[in-house]
Amino acid sequence: MSDRHISEHFETLAIHAGNTADPLTGAVVPPIYQVSTYKQDGVGGLRGGYEYSRSANPTRTALEENLAALEGGRRGFAFASGLAAEDTRLRTLLSPGDHVVIPNDAYGGTFRLFAKVASRWGVEWSVADTSDPAAVRAAMTPRTKAVWVETPSNPLLGITDIAAVAQVAHSAGAKLVVDNTFATPYLQQPLSLGADVVVHSLTKYMGGHSDVVGGALIVADEGLGEEIGFHQNSMGAVAGPFDSWLVLRGTKTLAVRMDRHSENATKIADMLSRHPRVSSVLYPGLPEHPGHEVAAKQMRAFGGMISFRVKDGEEAAVAVCDRARIFTLGESLGGVESLIEHPGRMTHASAAGSPLEVPSDLVRLSVGIENADDLLEDLQQALGK
């Protein structure tokens with residue numbers, strides 16, 4: 001629909017890639033094609049390549065072109081949710097009997113997908129500290145077909161050297177999949193560092209307004225793109241036209257939002273690191289973070305996600321969440337509004353008792369774009385000044 005190479009600058013691509021003016025009316029925003037089927041120009045004569053909206057829809061096409069351009073990929077695919085994207089990627093790359101390495105710090109839904117769903121399909125998995133390329137290598141087997149990475153990770157904000165782990169994976173004939181949800185393509189572009197597939201929960205920063213659920217896969221290799229496209233059409237968990245339109249609206253302001261998210265988070269991380277009731281702060285922008293140097297090398301800025309541990313334990317951490325006023329107690333992340341949660345009882349409850357279990361005294365923040373002074377004051381009162 002548009003030339004993704006209209007500019008090399010992210011901010012321009014975010015607004016124009018996939019966003020061709022409507023040829024009928026000149027509307028500068030792509031229409032919402034709320035349609036299931038399309039009139040054909042004779043049997044087999046598809047007008048513009050469209051026949052049925054599970055296979056392709058013009059609004060979804062606009063979003064997919066936009067996503068591919070922002071990640072520097074060849075093909076982008078939009079799904080009904082982040083987990084729908086993950087499931088399609090899993091079935092594209094893996095078969096029963098294959099093995100995958102997953103991180104020891106991952107989104108609880110990702111862990112549940114491998115532990116409770118893929119394992120029943122015959123896919124085996126091992127856990128590794130992906131911040132250590134040697135640990136990834138040690139976890140691989142002759143049947144390893146994929147290495148899965150989140151960086152920054154959810155919820156412990158671990159950092160993985162994408163280029164280094166890509167070398168480890170590729171040397172063994174495996175694909176590297178990177179969940180780029182926390183960083184977004186504005187802060188980090190894994191395909192340029194050697195990743196084979198990038199995964200997003202579009203629900204988060206890409207949509208940016210807590211009003212849509214979606215997922216995405218982006219690839220650099222055209223052949224792999226064809227395989228994913230086949231599975232996307234065959235499995236059918238595609239993004240609807242209105243959801244696609246909402247995410248496409250969100251990506252236009254991604255750059256300015258991520259700048260503000262990162263700016264606010266830096267101020268909050270600094271305050272928390274000096275607070276007497278906080279035992280540790282997990283934020284890659286802090287020089288003492290073990291992944292700080294790698295993050296500084298592969299990220300533009302450090303993002304809006306912070307986790308911290310409360311000195312007085314689990315109940316104190318839960319109390320902090322309950323006392324927050326501007327920070328809304330809720331799951332998810334990446335919206336313009338600030339959120340707070342207790343991962344052990346909320347987003348990562350499914351990992352309890354597993355190698356991915358999170359500390360019970362952990363609090364996770366999704367720092368929004370409100371006034372930073374208001375956010376600092378709210379956290380200080382929630383912690384108890």
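Predicted model: local features only at pLDDT ≥ 70, side-chain atom pairs only at ≥ 80, totals over all residues.
Towards one end of the order, strand β2 (residues 99–103) pairs with β3 in the parallel sense over five bridges. Within that pairing, Ile102 has Val127 of β3 as its bridge partner.

## Strand β6, enclosed on both faces

Strand β6 (residues 197–201) is worth a visit of its own. Five of its five residues are buried, so the strand is largely enclosed by the rest of the structure. In a regular strand the side chains alternate between the two faces of the sheet. Here Val197, Val199 and Ser201 point one way from β6, while Val198 and His200 point the other way, and all are buried.

The two pairings of β6 described here differ in sense. With β5, the strand runs parallel and is joined by three bridges; Asp179 stands opposite Val199 of β6. With strand β7 (residues 215–219), β6 runs antiparallel, and five bridges join the two. There, Val198 has Ile218 in β7 as its bridge partner.

## Two nonpolar cores

Which residues touch the most other members of the largest nonpolar core? They are Val147 and Leu176, in a core of 54 residues. Leaving out residues up to four places away in sequence, the contacts of Leu176 include Val147, Val149, Ile162, Val165, Ala166 and Ala169. Leu176 also touches His170, Ala195, Asp196 and Val197. A second, separate core has 27 residues, among them Leu93, Ala106, Val123 and Ala351.

## The five-stranded sheet

Another open sheet has five strands in the order β8-β9-β12-β11-β10, again with mixed pairing. Its edge strands are β8 (278–282) and β10 (328–329), each of which pairs on one side only. Strand β9 (residues 305–310) and strand β12 (residues 362–366) run antiparallel and are joined by five bridges. One of the residues paired there is Ile306, whose bridge partner in β12 is Leu365.

Helix α12 (residues 314–323) packs on this sheet, touching β9, β10, β11 (339–341) and β12. The direction of α12 makes about 130° with that of β9.

## Helix α13 and its surroundings

Helix α13 (residues 372–383) has twelve residues, which at 1.5 Å a residue should span 16 Å; the end C-alpha atoms are 17 Å apart, which agrees. At the start of the helix, a side-chain oxygen of Asn371 reaches to within 2.9 Å of the backbone nitrogen of Asp373. After α13 comes Gly384, with a positive phi near 90°.

Leaving out residues up to four places away in sequence, His275 touches Leu383 and Gly384.

Helix α2 (residues 58–71) has 14 residues and reaches 20 Å from its first C-alpha to its last, close to the 20 Å expected. The helix is mostly covered, with 14 of its 14 residues buried. Asn57 caps the N-terminal end of α2, placing a side-chain oxygen 2.9 Å from the backbone nitrogen of Thr59. Just after α2, Gly72 takes a positive phi of about 70°.

Val28 lies in the loop between α1 (10–16) and α2. At 64% relative accessibility, Val28 counts as exposed because the cut-off is over 50%. Val28 and Gly76 are 48 residues apart in sequence, and their C-alpha atoms are 22 Å apart in space.

Definitions and conventions:
Residues numbered from 1 in each chain as written. Heavy atoms only, no water. Helix = DSSP H or I, 4+ residues; strand = E, 2+ residues; numbered from the N terminus. Expected span 1.5 Å × (residues − 1). Buried < 20%, exposed > 50% of the residue type's maximum accessible area, 1.4 Å probe, protein only. Polar contact = N/O pair within 3.5 Å; in protein donor to acceptor, adjacent residues only side chain to side chain. Pairing = 2+ DSSP bridges. Contact = heavy atoms within 4.5 Å. Axes fitted to C-alpha atoms, helices over the stretch in contact; angles between N-to-C directions. Core = buried A, V, L, I, M, F, W, Y, C linked by side-chain atoms within 4.5 Å.
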